[in-house]
Amino acid sequence: MELIISVVSGVLLAASFYLLMRRNLLRFVIGVIILGNGVNLLIFTMGRLTRAKPPVIPKGQKVLEGAYANPLPQALILTAIVISFGLLAFTLVLVYRNFAANETIQSDEVRGSEPTDTLDVHEESKRLPA
Amino acid sequence: MNTLLVLPIIVPAITGMLALLVRNYPTVQRGLSVLGAIVMFGVGGGLVYQVQSHGILAVQMGNWPAPFGITLVVDYFSAGLVAVSGFVALAVAVYALAGIDETRERFGFHILFHLLIMGINGAFITGDLFNMYVWFEVLLISSFVLLVLGNDREQLDGAVKYVGINLVSSAAFLTAIGLLYGLTGTLNLADLSQSMEPVREAGLGPAIAMLFLIGFGIKAALFPLYYWLPASYHTPPAPIAAIFAGLLTKVGIYSLIRIFTLLFPNPDGYTQAVLLVVAGATMLLGVFGALVQRHILRLLAFLVISAMGYVVMGLGFLTTLGLAGAIFYVFQDVPVKTTLFLIGGLMERETGTTNISKMGGLYEHRPLLATMFIVPAFSLAGFPPFPGFWGKLTLLQAGVQQEQWVLVAVALVVGLLTLLAVAQVWGRAFWRPKEGELPTMEALNARFLMNGPVGVLALALFVLGCYAEPVFSFAHKAAAHLTDTGPYVQAVLGG
């Protein structure tokens, strides 16, 4: 079981790296979604998989006995999911707003904040202080 | 005493929430924002005092004993950083009263500003790895919104790069946490430092260290992961850029130092070699970038990167002296960068352009601004009466001790090139006579609100440079606790 989940996590990460390197910003965002899922699965697997043994204390007892599933990785993943959901919503709106303002979702053309005028050395040297 | 440890998180949280409630009363909100920043500054001072009189402080949240619950730990390093960030946050909060336009204020600048401070302080004082991730996300989402606040074309463009790379950085950080938890079964930093021994050298250990280096390296803008910084930091208004430049990269570098001294202290190992190469490349390429820039804020952004190289160099040496130099350098670099970006904003306002080749006449017409520029600029270049000199001197001493001659040479050359970069700004924007008139000055009130905090910051830096001993001995104690982690572990786990 651990092997299967590990492979799935690896495949998801590989797919997300491929998408992260695309030049289309929407594909980049999809890559980020898959990246988050891959990482979450990885945390889940690293916490060891235990099937059908919920960490619930039976009625009438005070403590858990025997082996039980580790609830901590699930709590971590839950937090990570909530956070990545919020960030994803923001990122989608950002890409859309950027499309509205700069009219591109091609990452090569996202250059609105780069300097437009190239450095003119001759022009510069004339104006240097004496 | 223990309540004090929670205040760096609680105070900005309450300020932010109250500011949200009074968003229809701008005057009240502005007062509240400054008041919150003043209280935060006081809390920072209180923490420094407490740490000096009681040693490392730790408090267990919800009374869960140490490795199981979340621990807040304040040692010398984090107390100093909370105090310094409280100081610059107060200065920026006052500057923002005049430096932020009404639209941005209406869309929640003050709220987001305090939530950002909360995230930064949380990352400084947490003793739990996953909790640190959560604080990183808190400060990231606040910084994302602050960066795009106002919806300028340029801001959106810069934000796409900033947000994109930071999402990848968070994923790397989270992966490292997941792998580390699987290997050791704990997330408490003090507990981890004790159970790291079997996994540090073998198998996944080095991979985890490198994942941390990538995750924090992106946030600290280290070579080769810094390209997002000069692409985005010059787009928002000066107060926002100033708080980013002053504090955000420092959170990355703080976490890097914390993780690599606590979990991967390995003086002869692969991690130190990588750190030293990264340090040299960051210093050099940062300053090279600054030399060819004509946009004042972009030029300063490249100098932010270059300064990070010095700090990583101190971490790479991993000696008490090297770390003391690095910590002192961080302490003075926070106000230096904040002041420079605030002054950059003032230069833009006074001349109506961001291009230093088109500025001019500032020395003649704005002598006060010129005086205030000298202190942080020459501190950055490492001139003797200014605090940057002491940081660099200590780092170089540590380098000579370690016989790292190449890095010492690189650091000296970079110091010279930094001087050239700031001298270019000085020569072009300040000394060169202005063709034509400067735009008329703004109202006296606004000028006071913007120049006042910058003046206080510059004065504080000047005093720190002339009288560096108390802060330096503080940094030295902080470094001693990083190289000998015994007291930290004992304070968290007890016994």
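Helices (H or I, at least four residues) and strands (E, at least two) are DSSP runs, numbered from the N terminus; a residue is buried if 20 or more other C-beta atoms lie within 10 Å of its own, exposed if 12 or fewer, and partly exposed in between, with C-beta atoms placed from the backbone. Two residues are in contact if their C-beta atoms, placed in that way, lie within 7 Å. Residues are numbered from 1 along each chain as its sequence is written, and chains are lettered from A and ligands numbered from 1 in the order in which they are written. Because the model is predicted, local features need pLDDT of at least 70 and side-chain atom pairs count only at pLDDT 80 or more, while totals for chains, interfaces and linings use all residues.

The buried residues of α3(A) are A:Pro73, A:Leu76, A:Ile77, A:Ala80, A:Ile83, A:Ser84, A:Leu87, A:Thr91, A:Leu94, A:Val95 and A:Asn98. The end C-alpha atoms of this helix are 46 Å apart, which agrees with the 46 Å that its 32 residues should span at 1.5 Å a residue; the expected span is 1.5 Å times one less than the number of residues. After α3(A) comes A:Glu103, with a positive phi near 55 degrees. A:Glu103 is found in the loop between α3 and α4 (121-126) of chain A and counts as exposed, since it has 10 C-beta neighbours inside 10 Å. Most residues other than glycine have a negative phi, and most peptide bonds are trans.

Chain A as a whole has 4 helices and 0 strands, and buried residues make up 25% of its 130 residues. Among the contacts in chain A with a separation of 6 or more, 54% are accounted for by residues 24 or more positions apart.

The contact between the chains takes 33 residues from chain A and 35 residues from chain B. On the side of chain A that touches chain B, the elements giving two or more residues are α2 (25-46) and α3 (71-102) of chain A. The most is given by α3(A), with 14 residues. By class, this side of chain A has 21 nonpolar, 9 polar and 3 charged residues, where Ala, Val, Leu, Ile, Met, Phe, Trp, Tyr, Cys and Pro count as nonpolar, Asp, Glu, Lys and Arg as charged, and the others, Gly among them, as polar.

Within chain B, helix α3 (residues 76-99) and helix α15 (residues 320-351) pack at an angle of about 5 degrees, with their axes 10 Å apart. Axes are lines fitted to C-alpha atoms, for helices over the stretch in contact, and angles run from 0 to 180 degrees between N-to-C directions. The angle makes α3(B) roughly parallel to α15(B); angles under 35 degrees count as roughly parallel, over 145 as roughly antiparallel, 65 to 115 as roughly perpendicular and the rest as oblique. Residues making this contact include B:Phe77, B:Val84 and B:Tyr95 of α3(B) and B:Ile327, B:Phe331 and B:Leu342 of α15(B). By class, the contact has 12 nonpolar, 5 polar and no charged residues.

Not counting residues up to four places away in sequence, B:Ile327 touches B:Phe77, B:Ala475, B:Ala478 and B:Ala479.

Helix α13 (residues 270-291) of chain B has 22 residues and reaches 32 Å from its first C-alpha to its last, close to the 32 Å expected. Its buried residues pack against α10, α11, α12 (238-262), α14 and α19 (405-431) of chain B.

Several loop residues of chain B were also examined. B:Leu318, in the loop between α14 (296-317) and α15, has a positive phi near 55 degrees and is buried, with 26 other C-beta atoms within 10 Å. The peptide bond from B:Phe223 to B:Pro224 is cis, with omega near -5 degrees; B:Pro224 is placed in the loop between α10 (205-220) and α11 (228-232).
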